[in-house]
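The terms are given with their cut-offs as they come up.

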Amino acid sequence: MTIDQAVLGLTLALTFGLVILVFVGWQRVRAATRLRYYILRRQQTVSGWRLILIGVLLGVGAGLMLAGGKQAAYAVFPPTPSVTPSPTITLTPTITLTPTITLTPEATPIPPATPTPTVTPTPVLPEQAAVFVALGTVTPNPLAGFSPIEFATELTYPPQNAQETFVDPRGTIYGIFAYDFLDLGVPWTALWYRGGEVVCFESLLWDGSTGGYGFTECTPEAWSPGEYEVQIFLGDLWKVSSRFSVVGAGTPTATPAP
């Protein structure tokens, strides 16, 4: 790589860093205005302006590199005359023997058809919940989101002793999740499935804060062994699904073969 190419590459790298840092910093400053808590808003605002300042410094460095980078590089590494290569003796090509018999290639086996994976359907809100959601007047924020759901028999924030398999549980199992950008009064729905059957169902208007931890709960008459799935919708849009299993007290768990 020549000195000119190195200077040009550094200039482009600094310019690219300027664009990225200014863009990310501005996005953080804009996002901070939507945060409810002052400390989080102030921290994100300061972080965004810090990135913008670093990007401006990179832009100044790019300008200095473009204006005087070559002169500085030549002052440290003065150019030296290149050696003129001397002509070498050209060898006379020898006679190439022509093969007389051409072997016929064997037939290449055709690989079997690869099965096409089926598409996993997106969960759809049931009709009885959709009727309730249609009565809501608050439109869900496009930025609203939920973390994966964790399951436990005790309600704590953050969740403690979360499990994916419960052995003969009794009483309530809680699905605990973190959330952000939820508006007051927006309709949300939690569905607890065992196979294709709804075990528990709740559809409410959100009455908590815009960010933090929340939960959904289920207390059936008895927890039948099997695979369970919890789906959460915001409005009529599916947001997150998580699964857990229930094993009866007398049901042996599968043991891998040696």
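A residue is called buried under 20% relative accessible area, exposed over 50% and partly exposed in between, with a 1.4 Å probe and protein chains only. This is a predicted model, in which local features need pLDDT of at least 70 and side-chain atom pairs count only at pLDDT 80 or more, while totals for chains, interfaces and linings use all residues. Residues are numbered from 1 along each chain as its sequence is written, and side-chain values use heavy atoms, with hydrogens and water left out.

Helices (H or I, at least four residues) and strands (E, at least two) are DSSP runs, numbered from the N terminus, and two strands pair if DSSP finds at least two bridges between them. In general, the strands of a sheet pair through backbone hydrogen bonds, either parallel or antiparallel. The strands β5 and β6 run antiparallel and are joined by eight bridges, and Trp192 stands opposite Cys200 in β6.

Which residues have the most contacts inside the largest nonpolar core? A nonpolar core is a set of buried Ala, Val, Leu, Ile, Met, Phe, Trp, Tyr and Cys residues joined through side-chain atoms within 4.5 Å. The largest one has 25 residues, and those with the most contacts inside it are Phe146, Phe151, Trp192, Trp223, Ile232 and Phe244. At least two residues of this core come from each of β4 (173-180), β5 (187-194), β8 (226-234) and β9 (237-247), and β8 gives the most, with four residues. Apart from this core lies another, of six residues, among them Leu125, Leu191, Tyr193 and Phe233. Contact means heavy atoms within 4.5 Å, and, not counting residues up to four places away in sequence, Phe151 touches a set of residues including Phe166, Ile173, Trp192, Val230 and Phe244.

Rings of Phe, Tyr and Trp (its six-membered ring) pair if their centres lie within 6.5 Å; planes under 30 degrees apart count as stacked, over 60 as edge-to-face and the rest as tilted. The structure holds 14 aromatic pairs. One of them joins Phe166 and Phe244 edge-to-face, at 5.6 Å centre to centre and with 85° between the planes. Since Phe166 lies in strand β3 (residues 165-167) and Phe244 in strand β9, this pair ties together parts that are 78 residues apart in sequence. Phe166 counts as buried at 2% relative accessibility, and Phe244 does so at 1%. The rings of Trp188 and Trp206 have their centres 5.6 Å apart and their planes at 75°, so this pair is edge-to-face. It links Trp188 in strand β5 with Trp206 in the loop between β6 (197-205) and β7 (211-218), 18 residues apart. Both Trp188 and Trp206 are buried. One aromatic cluster is formed by Phe151, Phe166, Trp192, Trp223, Tyr228 and Phe244.

Val186, in the loop between β4 and β5, is buried at 1% relative accessibility. Leaving aside neighbours within four places in sequence, Val186 is in contact with residues including Pro140, Leu204, Trp206 and Leu234. The C-alpha atoms of Val186 and Pro140 are separated by 6.1 Å, although these residues are 46 residues apart along the chain.

With a disulfide taken as a pair of cysteine sulfur atoms within 2.5 Å, a search of the whole structure finds one. Cys200 and Cys218 form this disulfide, with their sulfur atoms 1.9 Å apart, and the torsion about the S-S bond is about 70°, so the disulfide is right-handed. The link runs from Cys200 in strand β6 to Cys218 in strand β7, 18 residues apart. Cys200 is buried, with a relative accessible area of 13%, and Cys218 is buried with 1%.
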